[in-house]
Amino acid sequence: MGARSLLLLSNSTLHNGKYLEWAKPEILDILTRKNVTRVLFVPFASFQHDEYTNTVKQALEPWGFQVEGIHSAPDPVQAVEKAESIFIGGGNTFLLLRTLYSNGLIGPIRKQVLENGVPYIGSSAGTNVATVSINTTNDMPIVYPPSFSALGLVPFNINPHYQDPDPNSKHMGETREKRINEYHEIESSPPVLGLREGSLLLVEGNSALLKGHFKARLFARGKEPTEYEVGSDLGFLL
(Lines give C-alpha, C1' and ligand atoms only; values in the text may rest on other atoms or scores of the structure.)
Protein backbone atom coordinates (compact mmCIF):
# COMPACT_ATOMS: atom_id res chain seq x y z
CA MET A 1 0.00 0.00 0.00
CA GLY A 2 3.01 2.29 -0.16
CA ALA A 3 1.79 3.88 -3.39
CA ARG A 4 -1.42 5.42 -2.07
CA SER A 5 -1.83 9.19 -2.19
CA LEU A 6 -5.01 10.53 -0.61
CA LEU A 7 -6.36 13.96 0.26
CA LEU A 8 -9.35 13.54 2.59
CA LEU A 9 -11.25 16.77 3.24
CA SER A 10 -13.83 17.24 5.97
CA ASN A 11 -15.75 19.66 3.73
CA SER A 12 -15.54 21.41 0.39
CA THR A 13 -16.60 24.94 1.36
CA LEU A 14 -15.81 27.10 4.37
CA HIS A 15 -18.07 29.91 5.56
CA ASN A 16 -17.72 32.95 3.27
CA GLY A 17 -15.37 31.00 1.00
CA LYS A 18 -15.57 29.59 -2.52
CA TYR A 19 -15.89 25.92 -3.40
CA LEU A 20 -12.60 24.09 -2.55
CA GLU A 21 -10.77 27.40 -2.14
CA TRP A 22 -9.62 26.70 1.43
CA ALA A 23 -7.92 23.46 0.32
CA LYS A 24 -6.46 24.85 -2.92
CA PRO A 25 -2.77 24.64 -1.85
CA GLU A 26 -3.11 20.98 -0.89
CA ILE A 27 -5.11 20.08 -4.00
CA LEU A 28 -2.56 21.79 -6.26
CA ASP A 29 0.29 20.08 -4.46
CA ILE A 30 -1.03 16.52 -4.65
CA LEU A 31 -2.07 16.82 -8.30
CA THR A 32 1.00 18.63 -9.61
CA ARG A 33 3.39 16.26 -7.82
CA LYS A 34 1.68 13.40 -9.65
CA ASN A 35 1.76 15.27 -12.98
CA VAL A 36 -2.04 15.19 -13.19
CA THR A 37 -3.78 17.15 -15.93
CA ARG A 38 -7.18 15.39 -15.85
CA VAL A 39 -9.47 14.81 -12.87
CA LEU A 40 -12.18 12.19 -12.99
CA PHE A 41 -15.01 13.55 -10.85
CA VAL A 42 -17.58 11.24 -9.27
CA PRO A 43 -20.82 13.19 -8.58
CA PHE A 44 -22.76 10.20 -7.25
CA ALA A 45 -23.43 11.71 -3.81
CA SER A 46 -25.98 13.91 -5.59
CA PHE A 47 -28.80 13.26 -8.05
CA GLN A 48 -27.76 16.36 -10.04
CA HIS A 49 -24.75 14.95 -11.85
CA ASP A 50 -24.30 17.57 -14.56
CA GLU A 51 -24.82 20.52 -12.24
CA TYR A 52 -22.43 19.10 -9.64
CA THR A 53 -19.74 18.36 -12.22
CA ASN A 54 -20.02 21.90 -13.57
CA THR A 55 -19.42 23.26 -10.06
CA VAL A 56 -16.20 21.25 -9.87
CA LYS A 57 -15.17 22.35 -13.35
CA GLN A 58 -15.60 26.00 -12.39
CA ALA A 59 -13.29 25.45 -9.42
CA LEU A 60 -10.56 23.23 -10.88
CA GLU A 61 -10.29 24.18 -14.53
CA PRO A 62 -8.98 27.72 -13.76
CA TRP A 63 -6.28 25.96 -11.73
CA GLY A 64 -5.18 24.09 -14.86
CA PHE A 65 -7.02 20.76 -14.59
CA GLN A 66 -9.48 19.24 -17.03
CA VAL A 67 -12.53 17.79 -15.23
CA GLU A 68 -14.49 14.83 -16.56
CA GLY A 69 -17.69 13.59 -14.95
CA ILE A 70 -17.74 9.80 -14.63
CA HIS A 71 -21.49 9.79 -15.28
CA SER A 72 -20.82 10.94 -18.85
CA ALA A 73 -18.46 8.06 -19.59
CA PRO A 74 -19.83 5.20 -21.75
CA ASP A 75 -18.14 2.75 -19.36
CA PRO A 76 -17.58 4.01 -15.78
CA VAL A 77 -15.21 1.16 -14.92
CA GLN A 78 -13.06 1.92 -17.94
CA ALA A 79 -13.08 5.60 -16.98
CA VAL A 80 -11.67 4.70 -13.57
CA GLU A 81 -9.05 2.42 -15.13
CA LYS A 82 -7.85 5.29 -17.35
CA ALA A 83 -8.08 8.00 -14.67
CA GLU A 84 -5.08 10.16 -13.80
CA SER A 85 -6.79 11.16 -10.55
CA ILE A 86 -10.14 10.56 -8.85
CA PHE A 87 -12.19 13.12 -6.95
CA ILE A 88 -15.35 12.03 -5.12
CA GLY A 89 -17.43 14.93 -3.85
CA GLY A 90 -19.77 15.36 -0.91
CA GLY A 91 -23.49 14.94 -0.59
CA ASN A 92 -25.40 11.92 0.65
CA THR A 93 -23.07 9.09 1.60
CA PHE A 94 -25.70 6.34 1.29
CA LEU A 95 -26.59 7.43 -2.24
CA LEU A 96 -22.92 7.66 -3.14
CA LEU A 97 -22.00 4.21 -1.89
CA ARG A 98 -25.04 2.56 -3.48
CA THR A 99 -24.16 4.09 -6.85
CA LEU A 100 -20.53 3.03 -6.56
CA TYR A 101 -21.69 -0.53 -5.95
CA SER A 102 -24.30 -0.50 -8.72
CA ASN A 103 -21.68 0.66 -11.23
CA GLY A 104 -19.14 -1.95 -10.11
CA LEU A 105 -16.63 0.70 -9.06
CA ILE A 106 -15.49 -0.43 -5.61
CA GLY A 107 -12.81 -2.83 -6.83
CA PRO A 108 -11.53 -0.69 -9.72
CA ILE A 109 -11.14 2.42 -7.55
CA ARG A 110 -9.34 0.42 -4.84
CA LYS A 111 -6.97 -1.02 -7.42
CA GLN A 112 -6.21 2.33 -9.00
CA VAL A 113 -5.52 4.03 -5.67
CA LEU A 114 -3.83 1.27 -3.67
CA GLU A 115 -1.93 -0.54 -6.41
CA ASN A 116 -1.37 2.02 -9.14
CA GLY A 117 -0.91 5.13 -6.98
CA VAL A 118 -3.61 7.20 -8.66
CA PRO A 119 -4.23 10.20 -6.38
CA TYR A 120 -7.62 10.26 -4.65
CA ILE A 121 -9.37 13.35 -3.35
CA GLY A 122 -12.46 12.98 -1.20
CA SER A 123 -14.64 15.62 0.40
CA SER A 124 -17.27 14.89 3.07
CA ALA A 125 -19.15 11.89 1.64
CA GLY A 126 -16.15 11.25 -0.61
CA THR A 127 -14.04 11.06 2.52
CA ASN A 128 -16.54 8.76 4.22
CA VAL A 129 -16.39 6.20 1.42
CA ALA A 130 -12.58 6.23 1.46
CA THR A 131 -12.64 4.60 4.89
CA VAL A 132 -13.58 1.16 6.25
CA SER A 133 -17.32 1.80 6.30
CA ILE A 134 -19.96 4.52 6.20
CA ASN A 135 -21.23 3.61 9.69
CA THR A 136 -20.05 6.95 11.09
CA THR A 137 -21.51 9.27 8.46
CA ASN A 138 -23.83 12.08 9.56
CA ASP A 139 -26.13 11.56 6.57
CA MET A 140 -29.66 10.21 6.45
CA PRO A 141 -30.13 6.78 4.82
CA ILE A 142 -32.26 7.98 1.91
CA VAL A 143 -31.36 4.84 -0.04
CA TYR A 144 -29.95 1.48 0.99
CA PRO A 145 -26.59 0.34 -0.39
CA PRO A 146 -25.91 -3.40 -0.57
CA SER A 147 -23.30 -3.01 2.16
CA PHE A 148 -22.01 -0.35 4.54
CA SER A 149 -18.47 -1.48 3.73
CA ALA A 150 -16.70 1.23 1.75
CA LEU A 151 -13.52 1.54 -0.31
CA GLY A 152 -11.17 0.79 2.58
CA LEU A 153 -8.39 3.05 1.32
CA VAL A 154 -7.50 3.60 4.98
CA PRO A 155 -8.13 1.09 7.83
CA PHE A 156 -10.16 3.43 10.04
CA ASN A 157 -13.26 5.60 9.83
CA ILE A 158 -13.62 9.36 9.60
CA ASN A 159 -16.47 11.55 10.81
CA PRO A 160 -16.38 14.63 8.54
CA HIS A 161 -17.90 17.91 9.76
CA TYR A 162 -17.14 16.85 13.33
CA GLN A 163 -18.76 19.27 15.78
CA ASP A 164 -17.91 19.83 19.43
CA PRO A 165 -20.73 20.17 21.97
CA ASP A 166 -21.91 23.76 22.49
CA PRO A 167 -21.93 24.38 26.26
CA ASN A 168 -24.50 27.17 25.79
CA SER A 169 -26.90 25.10 23.70
CA LYS A 170 -30.23 23.88 25.09
CA HIS A 171 -30.30 21.03 22.59
CA MET A 172 -30.93 17.75 24.41
CA GLY A 173 -30.18 15.31 21.58
CA GLU A 174 -27.06 13.21 21.23
CA THR A 175 -23.75 14.93 20.59
CA ARG A 176 -21.48 13.75 17.81
CA GLU A 177 -19.17 12.27 20.41
CA LYS A 178 -22.04 10.31 21.94
CA ARG A 179 -22.98 8.79 18.60
CA ILE A 180 -19.40 7.77 17.86
CA ASN A 181 -19.17 6.18 21.30
CA GLU A 182 -22.33 4.21 20.49
CA TYR A 183 -20.61 2.93 17.36
CA HIS A 184 -17.68 1.80 19.46
CA GLU A 185 -19.93 -0.41 21.54
CA ILE A 186 -19.64 -2.79 18.58
CA GLU A 187 -16.71 -5.18 18.96
CA SER A 188 -13.90 -4.82 16.44
CA SER A 189 -15.11 -1.36 15.37
CA PRO A 190 -12.15 0.64 14.03
CA PRO A 191 -10.97 4.03 15.33
CA VAL A 192 -12.90 7.10 14.18
CA LEU A 193 -11.18 10.39 13.38
CA GLY A 194 -13.42 13.38 14.04
CA LEU A 195 -12.36 15.79 11.30
CA ARG A 196 -13.55 19.34 11.94
CA GLU A 197 -14.55 21.59 9.04
CA GLY A 198 -11.51 23.30 7.56
CA SER A 199 -9.28 20.29 8.22
CA LEU A 200 -7.99 17.48 6.04
CA LEU A 201 -5.86 14.38 6.17
CA LEU A 202 -3.03 13.91 3.67
CA VAL A 203 -2.16 10.23 3.34
CA GLU A 204 1.06 9.42 1.51
CA GLY A 205 2.09 5.78 1.75
CA ASN A 206 2.19 5.07 5.47
CA SER A 207 2.11 8.71 6.57
CA ALA A 208 -1.15 10.46 7.51
CA LEU A 209 -0.57 14.16 8.13
CA LEU A 210 -3.29 16.34 9.67
CA LYS A 211 -3.46 19.67 7.84
CA GLY A 212 -5.79 22.63 7.63
CA HIS A 213 -7.04 25.00 10.32
CA PHE A 214 -8.19 22.89 13.27
CA LYS A 215 -7.27 19.99 15.51
CA ALA A 216 -8.82 16.55 15.03
CA ARG A 217 -10.37 14.32 17.70
CA LEU A 218 -9.59 10.61 17.63
CA PHE A 219 -11.95 8.04 19.11
CA ALA A 220 -11.02 4.41 19.74
CA ARG A 221 -13.01 1.65 21.36
CA GLY A 222 -12.38 1.45 25.11
CA LYS A 223 -10.21 4.58 25.21
CA GLU A 224 -10.67 8.26 26.03
CA PRO A 225 -10.77 10.57 22.99
CA THR A 226 -7.48 12.23 22.05
CA GLU A 227 -6.93 15.61 20.41
CA TYR A 228 -4.24 15.97 17.73
CA GLU A 229 -2.78 19.27 16.62
CA VAL A 230 -2.46 20.38 13.00
CA GLY A 231 0.78 18.95 11.72
CA SER A 232 0.45 15.67 13.62
CA ASP A 233 1.33 12.47 11.80
CA LEU A 234 -1.43 9.93 12.39
CA GLY A 235 0.37 7.24 10.45
CA PHE A 236 0.00 4.88 13.40
CA LEU A 237 -3.63 4.48 12.30
CA LEU A 238 -2.45 2.92 9.05
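**A walk through the sheet and its helices**

Hi everyone, let's begin with the sheet: 7 strands form an open sheet in the order 3-2-4-5-1-8-9, and the pairing is mixed. The edges belong to strand 3 (66-69) and strand 9, each of which pairs on one side only. From one strand to the next, the twist averages 20°. Please keep in mind that this is a predicted model.

At one end of our order, strand 2 and strand 3 pair in the parallel sense, over 4 bridges.

Now for the helices. Which strands does helix 1 lie across? They are strand 1, strand 2, strand 5, strand 8 and strand 9, and the helix runs at about 165° to strand 1. Helix 1 covers residues 24-33, and its buried residues are Glu26, Ile27, Ile30 and Leu31. Seen down the helix axis, those buried residues fall within an arc of 120°, so they line one face of helix 1. Their cover includes strand 1 (5-9), strand 2 (38-42), strand 5 (120-123), strand 8 (199-204) and strand 9 (207-212), and helix 2 (49-60) as well. After helix 1 comes Asn35, with a positive phi near 55°.

Helix 2 lies across strand 2, strand 3 and strand 4 (86-88), and runs at about 170° to strand 3.

Let me finish by zooming out. In total, the protein chain has 7 helices and 11 strands. Its radius of gyration is 17 Å, close to the 18 Å that the globule rule gives for 238 residues, so the chain is as compact as a globular protein of that length. The C-alpha atoms fill a box of roughly 50 × 35 × 35 Å along the principal axes. Buried residues account for 51% of the 238. And among contacts between residues at least 6 apart in sequence, 69% join residues at least 24 apart. Thanks, everyone!

Technical notes:
Residues numbered from 1 in each chain as written. Predicted model: local features only at pLDDT ≥ 70, side-chain atom pairs only at ≥ 80, totals over all residues. Heavy atoms only, no water. Buried < 20%, exposed > 50% of the residue type's maximum accessible area, 1.4 Å probe, protein only. Helix = DSSP H or I, 4+ residues; strand = E, 2+ residues; numbered from the N terminus. Arc of directions from axis to C-beta. Contact = heavy atoms within 4.5 Å. Pairing = 2+ DSSP bridges. Axes fitted to C-alpha atoms, helices over the stretch in contact; angles between N-to-C directions. Rg over C-alpha atoms; globule rule 2.2 N^0.38 Å.
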